[in-house]
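Please look over the structure below. A briefing by topic follows.

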Amino acid sequence: MSRVSERPRAMNASRAAAIWSALGIAALVVLVASLALGSVALPVSRAIGALFHAHAATPDIADEIVLTLRLPRALAGFASGALLALAGALLQVLLRNPLAEPYVLGVSGGAASFALAAMLAALPWWGVDLAACAGAFASIVIVLGLARKDLWQSGPDASPRLLLTGVVIASGWGALITLMLSIAPESRLRGMIFWLTGDLNGASAPWPALIALAIALVAIVPAAPQLNVLLRGDTAARALGVPVERLRLRVYLVASIAAAAAVTTAGTIGFVGLVVPHLLRLAFGNDQRMLVPAAALAGGLAVMAADLAARTVIAPAQLPVGVVTALIGVPMFLWMLLRRPR
Amino acid sequence: MTLHLDAIVLRAGARTLIDGLTQTMSAGEVWCIAGPNGAGKTTLINVLAGLMKPASGRVSLEGRALASWRAAELARARALMPQATHDAFCATVLDTVLLNRFPYLTGWGWESDDDRSAARAALDMLGLAAFAARDVLTLSGGERQRVALAAVLCQNAPLLLLDEPLSHLDLHHQIDCLHALRDAAREHARTIVFSCHDLNLARRFATHALLLDGRGGAFVGRVTDVLTPERASAAFGYPLALIRDGEHEALVPSIHRS
């Protein structure tokens, strides 16, 4: 049998577990680095020690920095990256389109429009978060309402209409965003731009995003074998006993809620949702049973690492994390794509 | 496995494609569904697979109405090869074929060694063993078609429903595939139903035929009784002549139109 070294090897449970473990360990290393590095550099042992001083009677300044600034921010970065990559991987399967990403169906546009409106109205940060969440859900409901026929009673190939509906809704939100940016007072503009490019500065409550991540994984990981079959087409999947309509609705809802939770936590961080699933595909193949959990781990790892870079490279100034993910992601993706023999 | 059609009526919009068809298809038989474009071949195959309901009538498998089968159970009893499958992303040929073992997956949904050997056996049967590690996106149309056929074979279902399995294949591979299907019917007592535009290959390899004229008419029976010049001419709306040379026979379009 001919074997080409660059081709991904057959996937099985133990190989998938090895990939997940490697990504998990890398994520832990970056987490510890995120706790230790920053404007005040701490020894690794001190940074880890701070985690166990959470309830100490006399927390010192290092404990404070780790527990109230760095840990929540790193966890929020991990959760939003994981949610974005998960949403991207799922939408690429649902739409059978390699260009799909978490924002393609308008979730982020809705979130951004509402969040910017809240900023224009000078609401406090929690009002902005709440507005972003409401906007994301408004967009999910609009797209679902308009394209429900294509999700439920899918014809020979229903995806193009769902995709087009989402894209058109997204461009409608885009126009609203541009309108608000053009009428916004100078003083608010900077905050709005940072929100739009994705920003973990001030992300202080990672728990909603982590809980959303856990729910999304529990809802979709057991369906991963069905996702593999769905990629072959609706007719083939139905003939193999996959409840196609139910599965498509489930994938749409999980992907949308994941994107909504990520956008609410960290704004519209670009590129992770598109590129992380493809990097994993290029490296390990397109088996959804491996890919879905791996995308979550790798997406979390990528955003956490990018945020570490964003706040240390030109410290004390900070870059928006979305800029870093795109600046690193573009060359990395192109390199992986083009070195593959065709 | 016995497939029974009871007074099946198929409609597309206002057109009646099949007006009341009753027939039994049994193990070991190879059925060819023939007819002009739009006559309802794909619709009929989807109805036989239980993916679509007929306008009226009933299809039953082993005496049980298709609607009463559980999806997973049905997927182990009948395999469907659709006319087109999607390959939007890279995957090896082996992984693509393994997807049809889905009805047998248990636990966390990883394939067992049995699944892998079934997939390899199916690839061997169609002469695709050397392609196992190839990326499906690099295959030609005909090679993809053979991969799709291997996938359906590795599902190990007693009833095979194949929608134009020979399209895109060169003559040599068409005949190889038909040999593989005929062996599957004879040696493993499978029931095979395929749609096909090549009436001569159908006459040679099928045991039975179902000829649709797209106007409600359906002729069924032994292939040599159904795919006759008279009936085929009427169904296709173009005169056909049967020519003989020794033991070879062929239906050819007549030179004299009308």
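What covers the buried residues of H14(A)? The cover includes helix H3 (61-94), helix H7 (186-197), helix H12 (272-284) and helix H13 (288-312) of chain A. This is a predicted model.

**Helix H14 of chain A**

- The buried residues of H14(A) are A:Val321, A:Gly322, A:Val324 and A:Thr325.
- Helix H14 runs over residues 321-339 of chain A, 19 residues in number.

**Contact between chains A and B**

- Chain B gives 31 residues to the contact, and chain A gives 30 residues.
- On the side of chain B that touches chain A, helix H2 (71-77) and H3 of chain B are the elements that give two or more residues.
- H2(B) has the largest share of that side, with four residues.
- By class, the side of chain B that touches chain A holds 24 nonpolar, five polar and two charged residues.

**B:Val97**

- B:Val97 sits in helix H3 (residues 93-98) of chain B.
- B:Val97 counts as buried because 31 C-beta neighbours lie inside 10 Å, and the cut-off for a buried residue is 20 or more.
- Leaving out residues up to four places away in sequence, B:Val97 touches B:Ala119, B:Ala122, B:Leu123, B:Val147, B:Ala150, B:Ala151 and B:Cys154.
- B:Arg116 is 19 residues from B:Val97 in sequence. In space the two are 9.4 Å apart, C-alpha to C-alpha.

**Four-stranded sheet of chain B**

- Four strands form an open sheet in the order S2-S1-S4-S5 (chain B), with antiparallel pairing.
- Its edge strands, strand S2 (15-25) and strand S5 (64-65) of chain B, each pair on one side only.
- Five bridges link strand S1 (residues 3-12) and strand S4 (residues 56-61) of chain B, in the antiparallel sense. Opposite B:Leu3 stands B:Leu61 in S4(B).
- Helix H1 (residues 41-48) of chain B packs on this sheet and touches S1, S2 and S4 of chain B. The direction of H1 makes about 135° with that of S1(B).

**Six-stranded sheet of chain B**

- A second open sheet has six strands, in the order S6-S7-S8-S3-S9-S10 (chain B), and the pairing is mixed.
- Strand S6 (78-81) and strand S10 (218-222) of chain B are the edge strands, each pairing on one side only.
- On average, neighbouring strands of this sheet are turned by 10° against each other, direction ignored.
- Strand S9 (residues 208-212) of chain B runs antiparallel to S10(B), joined by five bridges. B:Ala209 stands opposite B:Gly221 in S10(B).

**Positive phi in chain B**

- Most residues other than glycine have a negative phi.
- B:His168, not a glycine, has a positive phi near 70°. B:His168 is in the loop between strand S7 (159-162) and helix H6 (171-187) of chain B.
- B:His168 has 15 C-beta neighbours inside 10 Å, so it counts as partly exposed.
- B:Ala189 is not a glycine, yet its phi is positive, at about 50°. B:Ala189 is in the loop between H6 and strand S8 (191-195) of chain B.
- B:Ala189 counts as partly exposed because it has 13 C-beta neighbours inside 10 Å.

Key:
Residues numbered from 1 in each chain as written. Chains lettered and ligands numbered in written order. Predicted model: local features only at pLDDT ≥ 70, side-chain atom pairs only at ≥ 80, totals over all residues. Expected span 1.5 Å × (residues − 1). Buried ≥ 20, exposed ≤ 12 C-beta atoms within 10 Å, placed from the backbone. Contact = placed C-beta atoms within 7 Å. Nonpolar A, V, L, I, M, F, W, Y, C, P; charged D, E, K, R; others polar. Pairing = 2+ DSSP bridges. Axes fitted to C-alpha atoms, helices over the stretch in contact; angles between N-to-C directions.
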